[in-house]
Amino acid sequence: MKEFIPEKILYDPAVLSFPLGKKLMETYLAKQIPMEQTHAYAPANTSKQDNAGYKEKKRSLSLRVRHIHFMRPDQKAGIFHVSYTSSGCPALCLYCPLLRNGCHSPFLQLYVNREEMLEKLLTRAAVLPTQTIFDIGRDSDLIIENTITGNLAWTIRQFCAQPKGRLCFSTRFCQIEPLLSLPHQGRVIPQMNINPDEIIWRTEFGTSHLAERIQAVNRLCEADYPTSLCIAPVLLIDGWQLLYEHFLDQLADLLSRKAKKNALITVSFLSYSLMQKQLITAAFSGAAHFFDHSQMTGQGFYQYPKERRRQAEAFFRDKLARYFPGNKIIIIQ
């Protein structure tokens, strides 16, 4: 996705009270994109009744004011999950982690009161330990959002001008050029989610291809960002061993020496909720085989059985140790 051009704008009139909101409205008015006014607190979520229209709704963009700003500590991970400048994503990933995390919006929502949200973030960072990490990409993909708003680059400049705290976010996009010259001080941790191209082409519609993502990782590492890689979600489909061994060989070949030396590598296996399965199978004909309950275990929330997971974990530990002997490897849910 080189540029996201929405087919329709949904907007809360209050966005015109904020500089970013006014700028975005003027931009889309000039492009003559249809607009529809919504109530400030009108729900923007999809429901079972409109699952079949999920793909069409993805082509809309919502401009709103965020009235509730959460910062939830995750003691296990040692980070704070932050609701920040956007939620949702214009891409179409069949196993979208945002749906699993509770972000049910069918379209990208941009919150224009960024100054208020950043001020709350800086205030919280000031009273916490210096190395506290804030995950500002919990609800969205901030790289693709940044192509519309410039919010990620703006946030990095403002946040890293203050003495405390670190930021992290994950992405499946390669448009990282605006970040490369920023004074991030090593306090911003980008995570690139990757998978074999065969899986990206079949399940991650509208995202960057593998080679583009790897090139972005190399450039981020060259700019001294402490970048991490997340192989996610691993799909244990027929022939997955050969598929992922070829993928790891390709990864080792394309990553720069600096990236291979410094990148943290995380492996995360497919899991999904019943709501995700219902939405995706209604919106995408032929997608059901990725959500095969006979291959999974659970009630309402599904994951691979323990024995199958153990075998797959052993495979990845062995192969990653061979291809990336100096990297720290973490295997998670």
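Mentor: Glutamate 245 and lysine 319 meet through their side chains in a salt bridge, 3.3 Å from N to O. The term stands for a side-chain nitrogen of Lys or Arg within 4 Å of a carboxyl oxygen of Asp or Glu. This pair links distant parts of the chain, with glutamate 245 in helix α9 (residues 240–254) and lysine 319 in helix α12 (residues 306–323), 74 residues apart. Helices here are DSSP runs (H or I, at least four residues), and strands are runs of E, at least two, all numbered from the N terminus.

Keep in mind that the model is predicted: local features need pLDDT of at least 70, side-chain atom pairs count only at pLDDT 80 or more, and totals for chains, interfaces and linings use all residues. Residues are numbered from 1 along each chain as its sequence is written, and side-chain values use heavy atoms, leaving out hydrogens and water.

Now for accessibility: buried means under 20% relative accessible area, exposed over 50%, and partly exposed in between (1.4 Å probe, protein chains only). Lysine 319 is buried at 12%, while glutamate 245 is partly exposed at 24%.

Glutamate 245 also meets the side chain of arginine 322 in a salt bridge, at 3.5 Å from N to O. Here too distant parts of the chain are linked: arginine 322 sits in helix α12 and glutamate 245 in helix α9, 77 residues apart.

Elsewhere, salt bridges that share partners join Arg172, Glu204 and Arg213 into one network. By the rule above, the count comes to eleven salt bridges.
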